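Dear colleague,

I am handing over the structure below, together with a short account of what was found in it. Please look through it before reading on.

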Amino acid sequence: MTLTGDNGNLSIDFLVGFTIFLLAFIWVVSMIPGLLINLQGYTIDYDAVAYRTGVILAEDPGEPSLPTSINPWENLLSSEGVIRFGLAVSKDTPNILSQKKVNRFFCLSEFSYPIDYQNRTIFGDYLYQFNISLIEMGSDHPPRFVGDIIPATSSYGSIRRLVKIKEPSIAVVNASSFDITGNYDPTARPDLLSGENETVHEFIILINKSELLEDTVRNPIYQIDPARERTIINITHLDQTMPLDRKDCFNISLTKITIINEMGGLFVTPPIPNYKYFIDGVQYNQSSSKPYINNNISLLFDPPTYWSVTDKSYINLTFTLTPNSTCSGPGGIFSGPDPVRGSRFLNNTLTSPFGYNYSPKNVIQPQLRGSVLEIKIGSGARTVTETVIEGLVAAFKWDWNVGGTPITVNFMDQSTGSHTDYYWDFGDGTSATLNNPTHTYTNRGDYTVTLTVKNSTGGSATSQPQIIKIREITATTGANGNISPTGAVLVAYGTNQAFTITPNTGYQIADVLVDGVSNGTISSYTFNNVVADRTISVSFMLALAPTVTSITPDSGVNTTTISITNLAGANFLAGATVKLNRTGYPDIPGTSVNVVSPNQINCTFDLTSKTAGLWNVAVINADGKSGMLANGFTITAPLKQFYYEGFESGSTGWVITAGSRQNGAGIPKNQTWVMRLRNTNSMYRPTSTAGYNNIIVQFAWALTSDTAGENAYAEYSTNGGTSWATLSLINGPVNQLSLNIFTSPILPPGADNNANFQLRFRITGSSTADILYIDDVSVSGVPI
Amino acid sequence: MINTDGQLYTIEGFAAALIMIATAYLVVNATSVYTAGDTHISDMQLEALGSDALTMMAIPTNTTLYLTDTSPLRMIIENPVSVSNATFRAMFLDLTNGNKTGLPIDYNKANSTMDYIQFSASYTCRNTTNNQTESYPLSNSRNLTGGEHTVRATKWVIVNKAASVATPFCGSTTKQDHAVLVEVQLWRD
Amino acid sequence: MARLNDDAQWIILMGFLVSFSFFFLAMVINQSTIVGQTTAESVIEFPKNDIRDVRQVIRQSVNSKNFDVVKADIEVISMTRKGSVVDYTNFTSSDDAKFIQIHYNNGVTEYNENWSYR
């Protein structure tokens, strides 16, 4: 019999298997849907990205790639060392922004838009359009912003954060609290020896970084961090440190700043980097010449400074009091019963260094300014052009009008779409409503100009801002001269500006400092491509008398005009005149005088028919001072050759002990015949030089000898043969195969106009193998 | 014998199920899923704004010692009620609804697009005698009707208010430091 | 007798298959909008401002003369109004370093900190 039918097992098994599969399938299916969501990625979370960016900017201090203690990101020169921008002062102070970080973040000339901001603030792979802007509440400063202008009609996410910007602290030293009269009494300073004339005063400011940072009872918001914030020291009321009746007796200047660390070691010698100072409100370069301080001086140190890396820093300021000759006080400066001594007048009452600390008496504490930070993140491709609203596009162009101070700029509206109203914001607090205005800028700066146009239906569009940069060249002079243009000269960015320097009569330029670097005594200077504030400062001194050191060429023949290529000397001023003079003779003036530089003059002298001889070279400046080079220039008469013998037809007049003319081949000679002396022979000739001065002898000769001491001599005598002077000699042993020409210098006056003048050649050989050849003997002179 | 051919089906079902589950589990566990959806974004923004406004008000104004800092918020709580109400209201509304960037300066402020954030503020303190918390109203821009969708922002303040038996502060009759929680409900109309 | 005629099972199978495909599609489309947590929700859920605020007020309270009163205030009010447990103690270690130990738990996020000060 059959067992129970198990055919049904097939179906049951199948169904069981299928059920299990189904359950698992349902479960898996319920897990999957979330995976598909990411396909819709980037367009959703504009608000989330804006929120994240807001947190990064408002609450995070930023992150440089090296630890912050070495160099916080706001001090880095490029964006490569920055991992993340963040504007907060520190992690403990969210919503409090650092002024320096804000300035750097919004400065588009430091970081490049948009790549730097995308990679360091916005993050993410998708390139969002973004706009980050910051406005200070209650201030006239226009909002700063970086990024695209996102149209109001496109979809975007935004966030608004309320923040405060922390301004750095300022130390204020009121110099009027310095002891004025107490030490005027000489007996009050017995340590000063009589006659001592101290005019140097030191004032010390102490920055104790650990004391500032480790103050835990203070709210970290108002903490002064000297390593990260700007340090500003104002010393005011310096004009009130001296008694009223002696106020104009001294000029105060700050001559030295040194920074000393707590070990007493000198930390740094000037020039100190990242440091500016302002004297009476005008900024100076630390290496340029500084004027006297009238009232106040401000020192401004930008981080990183020396107290970034050290704990205690003593800033030593050395003030020097220079006596002023126009002192009107009793007894003048140095006379009288109590000579004025500088140190008695600028002496502070502090017994310890001035502390840069939390005492409101010493330091204006950091202030907070309320601000609003808004971030917008939008979609779409980036556009850095004008906004488009209702078909209206705002744009403009501009160009410089004329140079000089003040600077005028022409603006031209180039907006498209019909529009009726204009609103120009020139970036300096002024505005205009014309369509093509001309605006004058009176101060240096970077001005952000925007144009907003409106059409008749009320729509408006704002153009992309354009920055007009105006730089300033400060031209100053000392007394006794001027520079044109002078003062604070405004220069359009990237253009040139020329300056002309004119000393007063009787003065000359002492030195021209361009940006603190000496350029010598130039009379004009052109700043090319001005992109930063520059300075030029000129000092003058009493004009010195010119001096003449040399003249090239230094001689000339009196039949021509000679052109002087280099009359060298010093202190030549424009308008100088040149002349040659000699006692008893009329002056020879120089013509076509060209003062090439204070050290060189070119000119021309007409020497025709002038007396030969030594003349003085004189240079007279326009102010009457003159200098002279005595006997610097020689005028010569043209030479005349009055005797010549080539030995072609004989040797007339020569008295020869032994020797003869030769014409053989292979011997050194000129043309056919040459005179030959051998062994110990000589020959002489009386040749009168009567009627001639400045005698020059010329001949050609060659010697062959084989032993030292066998020489050839050319001599002359001025007394008829009694004594001989050597013109030239050839030392043996030598084997000269061709004639050497010898030209003597001008012979001494004994040879002039002398009837007893004689020439002699001799050879001191030992055999007939020692031979001297002589040819082309000539004597020249200047006819009297 | 039992016909065991069908077991193949069962095994196949098991195998398929296990493969599916294992794969899906591995894949899904590797990602965390956030949905699209703009729900709660305005809440997030409002909460950030309210917190910021309270933070601005709680920043002390002078730089003396930590505990004696006098922030506007603390002065408001320590001072008589009528004055503090108006001060709080003006300050808070100015902070949340006020200046915005992106607008040209000098334009007619009446045309600027103001925000319409409303608020209702109160502060809570602890009664030292019976250890219960008590809430007192501080200020509001308009009364709550109950239909608003609000977000809450809070801020702790340490106050030291003069108190006596006649005028206790939160049950305390002596002048001492108290920690007080300021709560602000914000919503947009 | 002959085997069961199971040719019709194929029809049923196809039917199942089609219906499950519909089911799958419906699930996917339906659940795509619900699954997960929105970004804003996760931002709101994390108590960033609460923790910052509590830390700051605890630090301020260290200098107070009524440290215990302020401590009780913070702990009770946090519990009743914010629904979070805040517990902190002030102690001095063996080498005179002072600490505050802060504990915060709002049910979702827990935060602990040791803050040392002078």
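A detail to begin with: A:Thr408 has A:Thr440, a residue of strand E23(A), as its bridge partner. The strand E20 (residues 407–413) of chain A pairs with E23(A) in the antiparallel sense, over 4 bridges; two strands count as paired if DSSP finds at least two bridges between them, and strands (E, at least two residues) and helices (H or I, at least four residues) are DSSP runs, numbered from the N terminus.

Before going further, please note that this is a predicted model, in which local features need pLDDT of at least 70 and side-chain atom pairs count only at pLDDT 80 or more, while totals for chains, interfaces and linings use all residues. Residues are numbered from 1 along each chain as its sequence is written, and chains are lettered from A and ligands numbered from 1 in the order in which they are written.

The pairing above belongs to an open sheet of 3 strands in chain A, in the order E19-E20-E23, with antiparallel pairing. Its edge strands are E19 (396–400) and E23 (438–441) of chain A, each of which pairs on one side only. Neighbouring strands of this sheet are turned by 30° against each other on average, direction ignored, where the axes are lines fitted to C-alpha atoms and angles run from 0 to 180 degrees between N-to-C directions.

Chain A as a whole has 6 helices and 53 strands. Of its 784 residues, 36% are buried, that is, 20 or more other C-beta atoms, placed from the backbone, lie within 10 Å of their own. In helix H3 (residues 46–59) of chain A, 13 of the 14 residues are buried, so H3(A) is largely enclosed by the rest of the structure. At 1.5 Å a residue, H3(A) should span 20 Å, and its end C-alpha atoms are 19 Å apart, which agrees; the expected span is 1.5 Å times one less than the number of residues.

Chain B has 4 helices and 4 strands, which run α-α-α-α-β-β-β-β from the N terminus on. Of the 189 residues of chain B, 34% count as buried.

For the complex, the predictor gives an ipTM of 0.79 and a pTM of 0.55.

With best regards

Methods. A residue is buried if 20 or more other C-beta atoms lie within 10 Å of its own, exposed if 12 or fewer, and partly exposed in between; C-beta atoms are placed from the backbone.
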